[in-house]
Amino acid sequence: MIKTVEKFLIENNIKNKSVLIGFSAGPDSCALSLALSLLKEKYALNLTLCYFNHNWRKEAIIEEVFTKKFAKKIEADFIIEKAPKNTPKTEEKARELRYEFFYTAAKKLNTNIVFLAHNKNDNIETLIYRLIKGTSIKGLCSIPKIRDIFYRPLLEIEKKEIFAFLKENNQDYLIDSSNEDTKYKRNYIRKEILPLFSVINKNYLNSINNLIKTSLNSRKIIERVIENTKKEIFSNDEIILDKFLSLDKELRYEILNDYLSDKLKQRDYRSIKKLDNFILINKNCKTSINKNQFLRIKNNKIFIETTFEKNPLEVVIEKEGEYFFEDIVIRIEKVEKKDKIYPDSKNNTCYLNLSFPLVLRHRKQGDKFSPYGFIGTMKLKDYLINEKIKQEKKDKLVLLCKNNEICWIVGQKISENYKVISPHCYKLTKKVI
């Protein structure tokens with residue numbers, strides 16, 4: 001096991017780094033943490049255990065104590081956080097809060113490496129779960145070894161190897177009682193379904209793992225074809241309709257699957273086929289793809305159209321400080337600016353003449369804007385078209401507003417009405433979390 005983890009460190013050039021470890025006090029995270037601790041001097045790693053208490057189980061208090069003792073034993077730091085009371089007790093919500101915790105912890109420690117202890121058994125369980133729910137070749141690739149800031153060095157390690165490693169090193173661990181509850185789908189797969197596989201093939205773990213590897217290879221080929229095709233049929237993040245219709249059906253399906261990857265909750269064959277049929281028989285129409293978005297066909301283009309909720313996410317700013325909005329943080333501080341140099345429209349720092357309260361939010365229908373250097377007001381929609389902002393980026397823009405007036409399109413442009421007119425002003429800085 002040590003050799004597997006060390007090989008992973010070498011292949012991904014992980015050395016002289018501060019790294020976080022998603023820690024649960026269970027056997028998998030204990031084994032991973034122990035292995036990394038045995039390699040930390042050789043690769044100059046600073047380790048921090050990150051334990052998230054979902055606030056479901058009484059034994060979580062015992063796990064917190066265990067985490068602190070274990071961190072001391074391997075000479076690592078630790079961060080412990082608890083979920084808010086009355087948090088829904090669902091697998092989806094638990095995962096969402098846990099990953100939010102990891103991102104926040106990584107930001108605090110200024111690192112982009114979080115180790116997670118998913119193993120070969122977890123990978124197989126995920127694949128079976130996706131097969132039952134409906135999936136594509138991309139879904140058959142199961143859990144990726146690396147995605148964003150998350151690294152999983154144990155995906156080639158079976159559970160039995162983990163237990164053997166812990167026994168060899170006399171390392172204790174705790175068992176989460178919820179792992180025995182088959183009302184959770186993954187537990188049911190692990191305890192009730194997978195044991196039946198061994199009746200047919202005792203080596204089913206490796207056989208299914210080979211399917212995952214084959215799917216990964218196939219997916220890489222498909223992605224290359226998709227990228228080359230997109231160069232021919234896309235214009236400003238919109239699909240050119242007649243060029244799309246000239247493609248083979250199979251390639252159209254892959255293009256749609258890729259284009260809607262983060263928009264469709266269910267991206268199985270049936271859903272993609274339904275959308276393809278919609279495109280084939282319509283020239284100027286739209287169809288819903290999720291709660292707030294449509295797939296629109298218009299003027300020989302296929303694109304995503306977003307409608308806005310009546311009460312979109314808003315963050316109220318009442319004083320100086322740092323304010324988090326989704327994946328960014330805005331810092332506001334009062335300064336005395338002696339020159340009259342203003343940032344360009346792409347700068348993540350700007351100076352404004354402001355008063356509180358302010359609001360951070362996404363765009364709304366009917367928004368108007370007075371761009372810096374422009375006399376008068378225009379529709380925000382028209383400004384974004386003039387600036388050739390792509391549709392997907394439009395939906396993600398963050399606006400700093402005073403009442404209903406836009407002061408700053410964050411990272412893009414300030415308002416003429418809020419430009420600095422005296423030395424006393426506010427400095428605003430945007431950072432990505």
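This is a predicted model: local features need pLDDT of at least 70, side-chain atom pairs count only at pLDDT 80 or more; totals for chains, interfaces and linings use all residues.
Residues are numbered from 1 along each chain as its sequence is written, and side-chain values use heavy atoms, with hydrogens and water left out.

Helices (H or I, at least four residues) and strands (E, at least two) are DSSP runs, numbered from the N terminus. Two strands pair if DSSP finds at least two bridges between them. S5 is joined to strand S6 (residues 150–151) by 2 bridges, and the two run antiparallel. Here Ile146 stands opposite Tyr151 of S6.

Contact means heavy atoms within 4.5 Å. Axes are lines fitted to C-alpha atoms, for helices over the stretch in contact, and angles run from 0 to 180 degrees between N-to-C directions. The loop between H2 and S2 holds Ala44. Phi of Ala44 is near 50 degrees, a positive value in a residue other than glycine.

Helix pairs were examined next. Helix H5 (residues 120–133) packs against helix H8 (residues 185–200) at an angle of about 95 degrees, with the axes 10 Å apart. H5 and H8 are therefore roughly perpendicular to each other; angles under 35 degrees count as roughly parallel, over 145 as roughly antiparallel, 65 to 115 as roughly perpendicular and the rest as oblique. From H5, the contact includes Ile124, Ile128 and Ile132. H8 contributes residues including Ile189, Ile193, Leu194 and Phe197. The contact of H5 with H8 divides into 8 nonpolar, 1 polar and 4 charged residues. In this scheme Ala, Val, Leu, Ile, Met, Phe, Trp, Tyr, Cys and Pro count as nonpolar, Asp, Glu, Lys and Arg as charged, and the others, Gly among them, as polar.

The axes of helix H11 (residues 249–259) and helix H12 (residues 269–281) come within 10 Å and cross at roughly 105 degrees. H11 is therefore roughly perpendicular to H12. Arg252, Tyr253, Leu256 and Asn257 of H11 make the contact with residues of H12, including Tyr269, Ile272, Leu275 and Ile279. By class, the contact of H11 with H12 has 7 nonpolar, 1 polar and 3 charged residues.

Two hairpins share strand S10 (residues 293–298). Strand S9 (residues 285–288) is joined to S10 by 4 bridges, running antiparallel. Cys285 has Ile297 as its bridge partner in S10. The hairpin of S9 and S10 has 4 residues between the strands. S10 is also joined to strand S11 (residues 301–306), by 6 antiparallel bridges. Lys298 stands opposite Lys301 in S11. The hairpin of S10 and S11 has 2 residues between the strands, and Asn299 takes a positive phi near 55 degrees there.

A further open sheet has 5 strands in the order S12-S16-S19-S20-S21, with antiparallel pairing. Strand S12 (314–317) and strand S21 (413–414) lie at the edges, each pairing on one side only. S12 pairs with strand S16 (residues 358–361) over 4 antiparallel bridges. Glu314 has Arg361 as its bridge partner in S16. The loop between S15 and S16 contains Pro357. The peptide bond from Phe356 to Pro357 is cis, with omega near 0 degrees.

Strand S22 (residues 424–432) pairs with strand S14 (residues 328–336) over 9 antiparallel bridges. Glu333 is partnered by Lys427 of S22. Strand S15 (residues 349–352) is joined to S22 by 4 bridges, also antiparallel. Cys350 is partnered by Leu428 of S22.

A cavity is a set of points, on a 1 Å grid over the protein atoms alone, where a 1.4 Å probe fits but cannot get out; lining residues have an atom within 4 Å of a point. Grid points are joined across faces, edges and corners, and a volume is the space filled by probe spheres set on the points. The count comes to 1 cavity of 30 Å³ or more. The largest cavity holds about 60 Å³ of space. Its lining consists of Asp237, Tyr259, Lys263, Ile304, Gln391, Glu392 and Asp395. Helix H14 (residues 391–396) supplies the largest share, 3 residues. The lining has 2 nonpolar, 1 polar and 4 charged residues.

Conventions. On a 1 Å grid over the protein atoms alone, a cavity is a set of points where a 1.4 Å probe fits but cannot get out, and a pocket is an open set with protein on both sides within 12 Å along at least five of seven lines; lining residues have an atom within 4 Å of a point.
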